[in-house]
Each structure stands twice: as C-alpha cells, then as structure tokens.
Amino acid sequence: MPNTILVGAQWGDEGKGKVIDVLTAQADVIVRYQGGSNAGHTVIAEGKKYVLHLIPSGILHPGKQCVIGNGVVMDPFDLIKEIDGLREQGFDPLGRLAISDRTHMVMRWHRALDAADEARRSQERKIGTTGRGIGPAYGAKMGRTGLRVGEMLSPRFLERVRSGVEEANVTLAGWGAPALDVQEMLSVYAQAAETLKPYIADTVALVNAADRAGKSILLEGAQGTMLDIDFGTYPFVTSSNPTAGGACTGSGLSPRRVDRVVGVIKCYTTRVGAGPFPTELNDATGEHLRQKGGEFGATTGRPRRCGWFDAVVGRYSAMVNGVDFWAMTKLDVLDEQPVIKICTAYLRDDGVRYETFPADLSVLERCTPVYEEMPGWLTPTSACTRYEELPIKARAYVERLVSLIGGRLGILSVGPARETTMRLGL
Ligand code: IMP
C-alpha cells in the first residue's frame, strides 16, 4: 500500500476506526500522529469488543508495528490501562508498540487544569472539552515546560514531576480548585515510568527506517479538520492539528514520502461539544439521525449534535488536507428520510456568499446555509455489499456529494459491520 494519511474531514466521529481497520490490513506500520485520550474508538474483532483511545487499532492485527507518534499527548495511566486491557484479552503489545521519546505527556495536573478551566469559564466561553487534559498538555508543550516521554528514562524525571505539580497547584489554588498531593504524584509517576520503559523508542528513526525498507506506513489522525487548532472553528477546537500537515510533524515522516490522503466523511454531519454548526438540526430529524446513527460520544458518552451534510465543510477539508480519496460513512442512517438536504454554501445577511469556511465566527453567526434538496431512497441499504446494489437515488446522493466536494470515492460504508464496507478503488 502507498504511504497514506487518514484524516477526519468534519468535527470528528466520522467513523475513522472502521476505515483504519480496512487500511491497516494493507499497512506494515501504523502511526497515530496527534491528539490523546480525547479520541476513542470501539473495535469489534472476532466477536470481542475493544475500546482504544491511544493505541492504534492495528495492534489487533498480528504482525503490525504500531507507533504513538511525537505529535500525540499521552497520559501514561490511560496508556497502561489500555495495555493491561489488551493483555487481559490475549494481545501482548510488547515488541509491537513503540512510543516516541519525543511524545509529550498529559500529566495529572493537566487534567485538573482542564476541568478547572472549563468550570471557571462563562457559559458562552465553555469549549465542552473531553476533560482529558488535552489543552493544558499541548499548552505546556508550546510553552516549553512540558514533560516528554523520553524523560521517564532520566534520573531527574521525578524532580521534573515535583516542580510540575507544585507549579500547577499554584494555578489551581488561584482558580479555586483542590491541590494535588505531591508525594502521591511522585509515587504514581515512578511506577508508571517503570511500566512504560520497554515501549519507549526513537520512533522517528523507526518510521523512516521502515519507509526506506519499502514498508507501507499508515498515518492515522484523530478528531477532525473542523476541530483543528489552525483550520477549525477556533476557539471551539482541540489543541492539535488533525489535518494532513499534522501527520508529518506528528510522526517525523517527510511530506515528500506521503503518497496519498484519505478523508473520512460522514453522509451527514455531527459535532460534540460547543461551537458553531451551521447545518445543525434541533428537531425530530436531528433526533432520528442521533438514534439511528448511535451518535453518542465514544469517550464521554455525550449525545452528539446532528445535522445535514455540509459541502462547505467538505470542500474546505478537501482543500486543506489535499484529499485524494473519500471514505464516506453511514449512508444507511439516511435510509428513512423522504427528502435530504445538502448545504452547498453559506449566505450572509447582506447577500455575501461563502463557498469556503470563514475564519471569523461572528461572520458565521450572520450566515444561513443555502440548501439543495434531493429525494430520499426510503429503502434499507445496510444489506448492500456492492455499489451497484444501492438504490439509484442513494447513488445519486453520494455522487452529488462527491461532485460538490471534489476528489474520488474510495470507500462507502452502509453499516457498522465489516461486510458493509464497499471498496471502490481503495
Ligand atoms: P479537547 O480535545 O478534550 O480539548 O476538546 C475540545 C473539543 O474537541 C471539544 O468540543 C470536544 O468535544 C472535541 N473533541 C475532542 N476529541 C474529540 C473526538 O475524538 N471526537 C469528536 N470531538 C472531539
């Protein structure tokens, strides 16, 4: 398989896990390149259920090398929990899982700061984070005070832990939040370092050596384009770059070694957490999509906000990521809709038309979606295993989406099971 970047094209939860599963079968090395345990996907393999937040699901495929890249922020306790869970279910990741020595760690105080920061914000300014410490961990990285995984190998590690807790306790006190116990932190981090030592590696060298040896690399993103710190609906975003550029900075593989980009996009739109969502449906149709699509967060269990497909978002994602192939998911969720709307542009109250996503959220507030309508197919599609078996109106809908956002259709998914994934050139 050519070296491939896989990105989410909307606000996350596009069904990346299933597409990753398909592409992993053809890859040798799978690298997660950003985010942390804010992401989550559930994988069903041989009748068993696995919930993974940090470790690429490639770990469930024998013989695949999995990497937690330098662009990730890794909570050692979450990772240990995942490793233990896999071991209990018969998969030993040792030898097949490498954590970059350059990866920054999400420390206990980052979680505490995440929660305290959300609590002190006014209702309009709340981000609705997953509470996993992501923002403060990336903040520390950019502020050059973060702790990297490689430091767990250093005799000075616990000194750094001590100064980190003490500093965070000052901020927490200022925000009226309880302090963390320094001795307890020293003890739990000493233990975590011992457990994780065998997994720490120079993954930049590992990934590039694999590439030179002709192995194929899958760079796997979490979250989605509209949650990107640069290109998303700032400040209602996550603190990393889920977009294609982040795959290179988050793994150490040169952009010149990437062959193609696969964008995962749902046939409608969802968002979890606060922030603008132009095609949101606060009605029975939105509720139907939520129930039929099982739109509840994999990490937090929160109900996801649901709405029509937004081609402005799709076009923007295609542009920012350079999407070659689309993996379109969850077409079957629309089976019961007599009429399906597609947002093709935004219209500002003074008549200005936006074909691409504006940066300024106050502009977005003045915009309404311009919709076109297509007739629904009112036929179950989940049993279809070939594209040609789909109702003609369903094909027309999919082809209209592709024509609006550009690129080629590579995968179409019509249900949660593996067999419902149609391969169309990917
Ligand atoms: P954080 O990443 O926990 O800081 O949360 C920032 C925003 O990103 C919030 O709106 C979250 O709901 C959203 N978010 C973070 N991770 C995911 C994800 O995996 N899927 C969907 N939304 C996410």
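This is a predicted model: local features need pLDDT of at least 70, side-chain atom pairs count only at pLDDT 80 or more; totals for chains, interfaces and linings use all residues.
**Helix α5**

Helix α5 covers residues 157–174, which makes 18 residues. From its first C-alpha to its last, α5 reaches 26 Å. That is close to the 26 Å expected at 1.5 Å a residue.

Which residues of α5 are buried? They are Phe-157, Val-161, Gly-164, Val-165, Ala-168, Asn-169 and Leu-172. Seen down the axis of α5, these buried residues fall within an arc of 140 degrees, so they line one face of the helix. Their cover includes β8 (104–105), α3 (108–120) and α6 (182–196).

Now turn to the face of α5 that points away from the buried side. Here sit the exposed residues Glu-167, Val-170, Ala-173 and Gly-174. After α5 comes Gly-176. The phi of Gly-176 is positive, near 75 degrees.

**The ligand site**

There are 16 residues around the ligand. Which of them come nearest? They are Asn-38, Thr-130, Thr-238, Val-272 and Arg-302.

| Residue | Protein atom | Ligand atom | Distance |
|---|---|---|---|
| Asp-13 | side-chain N or O | nitrogen | 3.2 Å |
| Gln-223 | polar side-chain atom | nitrogen | 3.2 Å |
| Val-272 | backbone N or O | oxygen | 3.0 Å |

Asp-13 and Gln-223 each use a side-chain atom and face a ligand nitrogen atom. Val-272 uses a backbone atom and faces a ligand oxygen atom. How much of the ligand does the protein cover? On its own, the ligand has 470 Å² of accessible area, and the protein covers 96% of that.

Note on methods:
Residues are numbered from 1 along each chain as its sequence is written. Side-chain values use heavy atoms; hydrogens and water are left out. Helices (H or I, at least four residues) and strands (E, at least two) are DSSP runs, numbered from the N terminus. The expected span of a helix is 1.5 Å times one less than its number of residues. Buried means under 20% relative accessible area, exposed over 50%, partly exposed in between (1.4 Å probe, protein chains only). The arc is that of the directions from the helix axis to the C-beta atoms. Contact means heavy atoms within 4.5 Å. A residue is near a molecule or strand if one of its heavy atoms lies within 4 Å of it. A polar contact is a pair of N or O atoms within 3.5 Å; within protein, one must be able to donate a hydrogen and the other to accept it, and residues adjacent in sequence count only if both atoms are side-chain atoms. Accessible areas come from the Shrake-Rupley method with a 1.4 Å probe; for residues, only the protein chains shown count as cover.
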